[in-house]
Amino acid sequence: QVQLVESGGGLVQAGGSLRLSCAASVRTFGAMGWFRQAPGKEREFVAAITWTGGSNLYGDSVKGRFTISRVNAENTMSLQMSSLEPEDTAVYYCALRRAIPSSASKDEYDYWGQGTQVTVSS
């Protein structure tokens, strides 16, 4: 069973930056992604990356502001978030898909972390 643990969430002012990390309990292949869910809203795709580090995908609302990366040797994935806006406030989830390529569909991911809260104040 694969376990995913997110870290790095917190409170930041609008325009600031945060870096989220996701650690997997085992060596992972396939694709990994970030999703987020704000209160009262559906879970939204943020970004995804394959185990080779290529085929990156981004949600329209974060393009140009967020960067996804992964270090396979450490079984970790990161999300660098810049120019944060109050609309980015949500619980951010790490997810693993046992296949490639990357996908923006939450239904195609097999494992999920518990989530980490990101709050952006105006």
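Reader: Which residues form one aromatic cluster?

Author: In this predicted model, the aromatic cluster is formed by F35, F45, Y109 and W112, where rings of Phe, Tyr and Trp (its six-membered ring) pair if their centres lie within 6.5 Å, with planes under 30 degrees apart counted as stacked, over 60 as edge-to-face and the rest as tilted. Searching the whole structure gives 5 aromatic pairs. One of them is F35 with Y109, edge-to-face at 5.2 Å centre to centre and 75 degrees between the planes.

Reader: And are F35 and Y109 buried or exposed?

Author: Both F35 and Y109 are buried, the term standing for under 20% relative accessible area, with exposed over 50% and partly exposed in between (1.4 Å probe, protein chains only).

Reader: Which rings does the charged end of R43 sit over?

Author: It sits over the ring of Y93, 3.7 Å from its centre, and over that of W112, 4.9 Å from its centre; the criterion is NZ of Lys or CZ of Arg within 6 Å of the ring centre and within 35 degrees of the ring normal.

Reader: Switching to cysteines, which ones form a disulfide?

Author: C22 and C94 do, with sulfur atoms 1.9 Å apart, the rule being a pair of cysteine sulfur atoms within 2.5 Å. The link of C22 and C94 is left-handed, with -70 degrees about the S-S bond.

How values were computed. Residues numbered from 1 in each chain as written. Predicted model: local features only at pLDDT ≥ 70, side-chain atom pairs only at ≥ 80, totals over all residues. Heavy atoms only, no water.
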